[in-house]
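Hello,

Here is the structure for you to look over. My notes on its pockets follow below.

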Amino acid sequence: MSSTEQARWFVLGGDHLVLLDTQGQIPQGSRECLPPPLQEAPFERFDDWDGEPCYLLDLGEDADTQAMAGLRQLMVAGDEEGFRLAGRAWQLATFRRSHRFCGECGAPMSPKAEEWALGCQRGHLVYPRISPCIIVAVRKGPAVLLAAHRRHYQAEDPMYTVLAGFVEAGENLEQCVAREVFEESGIRVDNIRYVASQPWPFPHSLMMGFTADYLSGEIKVQDEELVAADFFEANALPRLPPQGTIARRLIALCLGDGV
């Protein structure tokens, strides 16, 4: 890597924080676009963006992150490719942070040169963790089921979104959709249909999006997960997830592109 090579520079630190330039974007250019302390740092190449290499540097959990911003800022700003690649970089960094020692023998793990993996001296290999997760918009006539989740709840301006949950061992995606909707809302669904997927680096999920139709039941929220839930029509919506999220895409699919 030469000092004049044109590249995108992904500098991570703390918890889901990334270094952005003065325009709120991933730094682009030669190493000189970075703060001086980082210009000689040991970056690793992990991807490409519009023909330019992408380099990753994780400063660690205890780094000075005053000049950094949350990954979500890229998403809110509509920088879909920046958010996708920053999310990939974060998941790779999280993998390195959380697998410093072998889960079988306890020995230190070392990066493999030929692939993004870690291995111990006895040959045990591990790869970045990906957690499959469903996310589903449930339709009932002209309305969609939305819920305020306890972990992100703000009483003064709650955000409502569609239901989601992790796939359990031994179930397929459609079974997971039906189970999660019933557990969280008391609603039974049918006509489950796959729509699209989105990597979600909080911390290492792959969100697989579905729509489903209301079948039966009355809303009864799972108190551990939700604060409230209801069916909303397009002319009376609460605050929604930002554009660029698969949640917003599913809501728009059910209620119309103007959402």
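The largest pocket has a volume of about 820 Å³. Bear in mind that this is a predicted model.

Largest pocket

Its lining counts 33 residues. Closest to the centre are Arg 72, Arg 151, His 152, Thr 161 and Trp 200. Which elements each supply at least two residues of this lining? Among the helices, they are α1 (72-76), α3 (173-185) and α4 (246-255). The strands are β10 (131-140), β12 (163-166), β13 (188-200) and β14 (205-216). The largest share comes from β12, with 4 residues. By class, the lining of the largest pocket divides into 17 nonpolar, 9 polar and 7 charged residues.

Second largest pocket

This one holds about 370 Å³ of space. The second largest pocket is lined by 17 residues. Nearest its centre lie Arg 84, Arg 88, Gln 91, Gln 198 and Pro 199. Two or more lining residues come from each of α2 (80-98), β13 and β14. Which of these gives the largest share? That is α2, with 7 residues. The lining of the second largest pocket has 8 nonpolar, 5 polar and 4 charged residues.

Elements in both linings

β13 and β14 each give at least two residues to the lining of the largest pocket. β13 and β14 also give two or more to the lining of the second largest pocket.

Best wishes

Terms used:
Residues are numbered from 1 along each chain as its sequence is written. This is a predicted model: local features need pLDDT of at least 70, side-chain atom pairs count only at pLDDT 80 or more; totals for chains, interfaces and linings use all residues. Side-chain values use heavy atoms; hydrogens and water are left out. On a 1 Å grid over the protein atoms alone, a cavity is a set of points where a 1.4 Å probe fits but cannot get out, and a pocket is an open set with protein on both sides within 12 Å along at least five of seven lines; lining residues have an atom within 4 Å of a point. Grid points are joined across faces, edges and corners, and a volume is the space filled by probe spheres set on the points. Ala, Val, Leu, Ile, Met, Phe, Trp, Tyr, Cys and Pro count as nonpolar, Asp, Glu, Lys and Arg as charged, and the others, Gly among them, as polar.
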